[in-house]
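This report describes selected helices and strands of one model. The sequence and the structure are shown first.

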Amino acid sequence: MPSSRFPLGRIALACATLICCGVAAWSQAANAPLAFTGADRRPALSLNGDWAYIVDPYFSGLFSFHHEEKKNGWFLNRKAQPGDTGPTEYDFDKAPKLKVPGDWNTQRESLFFYEGPIWYQRNFTYQPQAHSRVYLHVGAANYHSWWWVNGKRACEHEGGFTAFNCDVTEAVHAGDNFIVAAVDNTRREDNVPTLETDWWNYGGITREISLITVPNTFIDQYDLHLSPTEDGVIEGWAHLTGASAGAPVEVEIPELHAKAHATTNANGKAAIHFSVSGLERWSPEHPKLYAVTLHADADSINEQMGFRTIETRGTQILLNGKPVFLRGISIHAEAPYRTGRAWSDKDAETLLGWAKDLGCNFVRLAHYPHDETMQRAADRMGIMVWSENPVYWALKFDSPQVYDKASHQLEEEIGTLRNHASIILWSMANETPNNPTRTDFITRLAAKARELDNSRLITAALLVHAQGNTKIVDDPLGNVLDVIGVNEYIGWYEAHPETADVTQWDIRYDKPLIVSEFGGDAKAGLHGRDNDRWTEEYQANIYRHQIGMLNRIPQLRGMSPWLLMDFRSPNRPLAGIQDEFNRKGLISDQGEKKQAYYILQKAYKEGAVGKPE
């Protein structure tokens, strides 16, 4: 596990402005990547494995010393030849290797604190198919990435937590091929998220990568869900790329002997609406998934989908028409045991397995969209999910460009994940400052989310303020939310654990409330008295008093304490205690369960906290 500090990334910050100028010109020429629904259901050639890498803090592989874009940049993967009139100052064949998927920080000590550009390269063999298109599918690359195949520009992408797909049909050829990528995790003021976060800025190709082959006419996005107004009806749509108006689309659920036929409109979209009988609704108690097949021309996708409804009525949250209390926990995409960015099925099953053992029926996946492996696991395991857009803390809310970035990441999040029954909440933001510019920004974002998907609830984690021992929830952003989320840290960042016993709540909205964060730090194995900070006993004391207080909030309909497992954060330097970890986890990064885990587990399993109505 890395422990040395090599702040190479600070070098990259010195040229950030210049790099941005070059990137803008590059963006106009590059192909725009697409979001695909069900990309992980497509036959694919995996590109996971060892990739050569070169650290490039000045981005000299793409820009000259006058900051002009190079025509002979490192993306050409050039090899030095006898008689060359100038030097070739890089060679991927001689470069060291990084595992992909994987962040670079936890793979090399020298890259632990690095922020800046790194180049990746790997070779692959491919045989193109007739009458088809080829897409490079990237699960995520943090934060800004550029992609070339056989020296040809493929696409550019911004955003570190959403999947994207680059059309490389014209770039690949039969036989030996190569990919080169530049990935830059430099934090910038106009990024989403912005300069400051409370998690590690893991850089690299952090999720799975593959080549997907599809027919020339194919289904790129689809949305199937239970109608909220018609009993026994599945509705939605499918969108085809490369189709003209009137193209046929078929949806089939063999187990239910149900089949629907539709045709595309001029925009390539086919409306789906059909009745089913005998459908078993998805729920935490019965996470039923159906095999669903979508057909269009030569294309087909085989899905595993659950069907359920989610809505609010007054201060209730209704799952399949019945009130439900969300017994939850918050989770960062931190890998158990090895640390670094989580991405695998094993990571998902470990994290969500701990949540199930805790007694959870709900998880808040913070503070950005998690890998689709988490959503697939939540579907199978029967865990409801809060999925969050990375609008975190104080963005440049007055910037149209920043809004466009947040909106685009939301489009990719929903476009990729919209068919997971486990997701019941789209969260627009976390702990943003209360001002009119912020409110307008997130109000527009919430409207965008509803336009993209009106079958789920909209929430955000708000800050609260106090008058004496009364907590007041009156953030005007609550007007546009279906469910109010609030974060509070009585006993850790304010007052003492016992203060919760005399705290009252004044909630100015007649809506369901989720306490989306509370808690305190404890180092696993550190013991002391109940009032000794950083000990397991102190953290457990916070939970005991919080549970009593939460039960006095009449409209409490869920909770997701902060959080399941310790995670890395450079904001947490206290030597011997934090060591660059946020220690609010109920479980350590090495799987050690702290005392507070068992207190919350007992409350959840005995039904001692919260009521559905």
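Contact here means heavy atoms within 4.5 Å. Helices (H or I, at least four residues) and strands (E, at least two) are DSSP runs, numbered from the N terminus. The model is predicted, so that local features need pLDDT of at least 70, side-chain atom pairs count only at pLDDT 80 or more, and totals for chains, interfaces and linings use all residues. Residues are numbered from 1 along each chain as its sequence is written, and side-chain values use heavy atoms, with hydrogens and water left out.

Buried denotes under 20% relative accessible area, exposed over 50% and partly exposed in between (1.4 Å probe, protein chains only). In helix α8 (residues 595–605), the buried residues are Ala596, Tyr597, Ile599, Leu600, Gln601, Ala603 and Tyr604. Their packing partners are listed below.

| Partner of α8 | Residues |
|---|---|
| β23 | 326–331 |
| α3 | 345–358 |
| α7 | 536–550 |
| β33 | 556–559 |

The axes of α7 and α8 (lines fitted to C-alpha atoms over the stretch in contact, with angles from 0 to 180 degrees between N-to-C directions) come within 7 Å and cross at roughly 20°. The two helices, α7 and α8, are therefore roughly parallel, a term for angles under 35 degrees. On the α7 side, residues including Tyr543 and Ile547 meet α8 residues, among them Ile599 and Leu600. Glycine 607, with a positive phi near 65°, follows α8.

Glutamine 375 lies in helix α4 (residues 372–381) and is buried, at 0% relative accessible area. Beyond residues up to four places away in sequence, glutamine 375 touches Leu365, His370, Val385, Leu417, His420, Ser422 and Ile423.

Key
Parallel < 35°, antiparallel > 145°, perpendicular 65-115°, else oblique.
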